[in-house]
Amino acid sequence: MLNFLDAPHTLHLASLEVGHHLYWEIGGLKVHGQVFLVSWFVIGLLVVASLLATRNIQRIPSGIQNFMEYALEFVRDLARNQLGEKEYRPWVPFIGTLFLFIFVSNWSGALIPWKLIKLPEGELAAPTNDINTTVALALLVSLAYFYAGFSRKGLGYFAKYIQPTPILLPIAILEDFTKPLSLSFRLFGNILADELVVAVLVLLVPLFVPLPVMLLGLFTSAIQALVFATLAAAYIHEAIEGHGEEEHG
Amino acid sequence: MDPIVSAASVLAAALAIGLAAIGPGIGQGNAAGEAVSGIARQPEAEGKIRGTLLLTLAFMESLTIYGLVIALVLLFANPFAS
């Protein structure tokens with residue numbers, strides 16, 4: 001560990017803790033407690049919003065029902081744009097969940113003043129700034145597109161590895177590893193970079209100057225959630241359609 | 001921690017993020033320029049062009065972010081620190 005790079009703990013206004021975690025021991029496993037706490041908060045928020053929106057459904061929506069219908073239409077359009085009119089419906093829940101969870105996680109890390117809650121070690125922040133969260137999400141996407149391919153084509157799914165020519169087999173296999181790697185690193189890096197830049201600016205100038213960067217952070221976090229969901233949908237579409245006989249309609 | 005390893009890590013982190021910024025910088029410039037000329041040629045397609053541009057910019061951005069991840073690993077979770 002490079003000690004001089006850890007932010008000084010005397011400056012509580014902008015303490016910055018990368019690599020410090022609130023460890024919980026659960027059945028011999030060490031888990032990062034602060035990620036769990038914020039994840040539960042995000043999940044709770046989404047569940048409560050969904051329940052409130054669907055508790056008393058009106059024909060003419062208003063208030064939160066209107067808002068959640070807008071969100072649903074947004075993720076539905078996202079899935080439809082990538083997967084096509086015929087295939088998109090069964091994948092809307094998966095892609096929508098990914099998008100909403102990542103989006104609310106990112107924004108909760110930026111908008112909610114978690115710093116006011118003191119933890120014995122580590123700090124509360126967006127769950128997506130922990131590499132474990134993003135790797136888990138990316139592996140879920142991998143499982144999903146393998147499932148999509150197998151359920152559509154059976155063992156014929158493996159034909160795509162040698163489809164145009166078997167020479168590309170190593171690259172096709174490598175692609176299955178680089179997809180979750182790039183997905184997880186992209187999300188993790190972006191969110192962590194946002195929080196680091198904001199924290200460093202707050203350390204230098206505590207008032208007003210970090211505001212534009214915070215707004216930029218909000219913007220990029222929203223875009224990253226969109227990118228993650230879009231890529232997940234694109235990978236699933238690729239597994240369903242295969243490389244050759246693609247017809248867009 | 002060995003001071004040589006320490007110094008090399010800091011230098012490598014700086015190089016990782018600096019070099020990783022070059023390519024995406026050029027790429028983003030190209031993409032933005034093309035988008036502007038596309039809008040100039042066909043102003044009614046601005047919304048669609050802007051959406052696609054933002055998405056592609058995020059993809060290019062992520063290349064720099066990979067360099068940043070390497071830099072952060074070197075600084076905060078260095079595997080060579082004994």
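**Helix packing and chain contact in a predicted model**

In chain A, helices H1(A) and H2(A) cross in a left-handed sense. The model described here is predicted. Chain A holds six helices and two strands, and a nonpolar core of 53 residues, the largest one, draws on helices of both chain A and chain B.

**Layout of chain A**

- Read from the N terminus, the elements of chain A follow the order β-β-α-α-α-α-α-α.
- Chain A comprises 249 residues, of which 29% are buried.
- Considering contacts in chain A between residues at least 6 apart in sequence, 69% link residues that are at least 24 apart.

**Packing of H1(A) against H2(A)**

- The axes of H1(A) and H2(A) approach to within 8 Å, and their crossing angle is roughly 115°.
- On the H1(A) side, A:Ala49, A:Ser50, A:Leu52 and A:Ala53 take part; they meet A:Ile64, A:Gln65 and A:Met68 of H2(A).
- By residue type, this contact of H1(A) with H2(A) consists of five nonpolar, two polar and no charged residues.

**A:Leu46 in H1(A)**

- Helix H1 of chain A also contains A:Leu46.
- A:Leu46 has 17 other C-beta atoms within 10 Å and is therefore partly exposed, since a buried residue needs 20 or more and an exposed one has 12 or fewer.
- Apart from neighbours within four places in sequence, the contacts of A:Leu46 are A:Leu100, A:Phe101 and A:Val104.
- A:Asn106 lies 60 residues from A:Leu46 in sequence, and the two C-alpha atoms are 13 Å apart in space.

**The largest nonpolar core**

- Within this core of 53 residues, the members that touch the most others are A:Ile95, A:Leu98, A:Phe99, A:Phe228, A:Ala229 and A:Ala232.
- At least two core residues come from each of the following helices: H1 (33-55), H2 (64-83), H3 (92-111), H4 (131-153), H5 (169-204) and H6 (210-241) of chain A, and H1 (3-41) and H2 (46-76) of chain B.
- The greatest contribution to this core is that of H6(A), with 11 residues.
- When neighbours within four places in sequence are set aside, A:Ile95 is in contact with A:Val75, A:Leu78, A:Ala79, A:Ala229, A:Ala232 and A:Ala233.

**Helix H4(A)**

- From first C-alpha to last, the 23 residues of H4(A) reach 33 Å, close to the 33 Å expected at 1.5 Å a residue.
- Buried residues in H4(A) are A:Thr133, A:Thr134, A:Leu137, A:Ala138, A:Val141, A:Tyr145, A:Ala148 and A:Gly149.
- The cover over these buried residues of H4(A) includes H1, H3, H5 and H6 of chain A.
- After H4(A) comes A:Gly154, which has a positive phi near 65°.

**A:Phe208 in the loop between H5 and H6**

- A:Phe208 occupies the loop between H5 and H6 of chain A.
- The phi of A:Phe208 is near 65°, a positive value in a residue other than glycine.
- A:Phe208 counts as exposed because it has 7 C-beta neighbours inside 10 Å, and a residue with 12 or fewer is classed as exposed.

**Contact between chains A and B**

- Chain A brings 16 residues to the contact, and chain B brings 15 residues.
- On the side of chain A that touches chain B, H5 and H6 of chain A each provide at least two residues.
- H5(A) contributes the most to that side of chain A, with seven residues.
- The residues on that side of chain A comprise 10 nonpolar, five polar and one charged.

**Helix H1(B)**

- H1(B) has 39 residues and should therefore span 57 Å at 1.5 Å a residue, which agrees with the 57 Å between its end C-alpha atoms.
- B:Ser9, B:Ala13, B:Ala16, B:Ile17 and B:Pro24 are the buried residues of H1(B).
- These buried residues of H1(B) pack against H2 of chain B.
- B:Ala12 is located in helix H1 of chain B.
- B:Ala12 is partly exposed because it has 15 other C-beta atoms within 10 Å.
- Although B:Ala12 and B:Gly67 are separated by 55 residues in sequence, their C-alpha atoms lie 10 Å apart in space.

Key: Residues are numbered from 1 along each chain as its sequence is written. Chains are lettered from A and ligands numbered from 1 in the order in which they are written. This is a predicted model: local features need pLDDT of at least 70, side-chain atom pairs count only at pLDDT 80 or more; totals for chains, interfaces and linings use all residues. A nonpolar core is a set of buried Ala, Val, Leu, Ile, Met, Phe, Trp, Tyr and Cys residues joined through C-beta atoms within 7 Å. Helices (H or I, at least four residues) and strands (E, at least two) are DSSP runs, numbered from the N terminus. Two residues are in contact if their C-beta atoms, placed from the backbone, lie within 7 Å. The expected span of a helix is 1.5 Å times one less than its number of residues. Ala, Val, Leu, Ile, Met, Phe, Trp, Tyr, Cys and Pro count as nonpolar, Asp, Glu, Lys and Arg as charged, and the others, Gly among them, as polar. Axes are lines fitted to C-alpha atoms, for helices over the stretch in contact, and angles run from 0 to 180 degrees between N-to-C directions. A crossing is left-handed if the near helix is turned anticlockwise from the far one by less than a right angle, and right-handed if clockwise.
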